[in-house]
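Welcome, and please open your viewer.

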Amino acid sequence: MNIQKRNLRNGLLFISPWIFGFLCFTAYPMFSSLYYSLTEYNLIADPKYIGFANYKQLLFEDELFLTVLGNTLYMIFVGLTITTVVTIFIAILLNTKNIKGISFFRVVFFIPTLVPFVVLAILWIWVLQPDSGVVNSILGIVGIDGPGWFSSPTWAKPGFILMSIWMSGNMILIYLAALGDIPKSLYEAASIDGANVIQKVFHITLPGLRPAILFNSITGMIAVFQSFAEAFIITDGGPDNSTLFYSLYLYRNAFQYFDMGYASAQAWILLIIALLMTTAFFKLSKRWGFED
């Protein structure tokens, strides 16, 4: 055995635990779900092959599917956009060296990411209580009658957006790291040319944050598609299906209605949508110069 074959054998032996885990816990479930998506399967009887009937029903006959997709896309295009703007603003503030105790504030914004989802959900049920919640109490002080939040079909999704902003410490951390990579000489040159703070933000800071914005946008989009626990605990999809997001609807079909074939078709449609949107993100980012 020559040295190349020996190195190949040793390499395969070293990564064999990962290969075994990938085949058993990733590849096999993926291809199994692809098969089940073409069947009628309720976990008790044997799967019955029905072709693309599940996909046809999901895309053309299931009226709830469009509601679910609309709720999820709302959280991506509206919620993720608002979260990105707010987190960039907070990161710029936290990057200011002149504020006393800035390290303390950085820790404060990161702590919510360490709290379990169940605890966060219970906490925000209390925070956004229509009658006695903290937010509506503060609004009442300035004479504003606060909305019903999670009990209102109109305000339930904005309530989840507020919650996602509060949980966005990881995004802030990435923006802080990206801000540290922007050369100070650019700001010094802009100051000499008479640029004010707003001009520096739009012409130096935001262009310097483009790679971080692209990364946070894609990972944030995937996180929205996968979000389940918050809606399941707080609203269970209500009121009036206004917070019935994709993963929650998939869970209902799989583990409440035991329609595994239909749920598997949903999972593959979700994968295709996520791939298309990720590709679109990359193409748009290249056109807007986000990959400089």
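Start by selecting Lys157 and Tyr74: Lys157 lies over the face of the Tyr74 ring, 5.3 Å from the ring centre. Keep in mind as you look around that this is a predicted model.

Next come the ring pairs. The structure holds 14 aromatic pairs, and we will visit two of them.

**First stop: Trp124 and Trp166**

Select Trp124 and Trp166 and show their side chains. How far apart are the ring centres of Trp124 and Trp166? The centres are 5.8 Å apart, and the planes meet at 65 degrees, so this pair is edge-to-face.

Now colour the helices. Trp124 belongs to helix H5 (residues 117-127) and Trp166 to helix H7 (residues 156-166), so the pair ties together parts that are 42 residues apart in sequence.

**Second stop: Phe228 and Tyr251**

Select Phe228 and Tyr251. Their ring centres lie 5.0 Å apart with the planes at 55 degrees, so this pair counts as tilted. Phe228 sits in the loop between helix H11 (210-226) and helix H12 (229-234), while Tyr251 is in helix H13 (residues 246-256); the pair links distant parts of the chain, 23 residues apart.

**Last stop: a cluster**

Ring pairs join Phe228, Phe232, Tyr251 and Phe255 into a cluster.

Definitions and conventions: Residues are numbered from 1 along each chain as its sequence is written. This is a predicted model: local features need pLDDT of at least 70, side-chain atom pairs count only at pLDDT 80 or more; totals for chains, interfaces and linings use all residues. Side-chain values use heavy atoms; hydrogens and water are left out. Rings of Phe, Tyr and Trp (its six-membered ring) pair if their centres lie within 6.5 Å; planes under 30 degrees apart count as stacked, over 60 as edge-to-face and the rest as tilted. Helices (H or I, at least four residues) and strands (E, at least two) are DSSP runs, numbered from the N terminus. A charge sits over a ring if NZ of Lys or CZ of Arg is within 6 Å of the ring centre and within 35 degrees of the ring normal.
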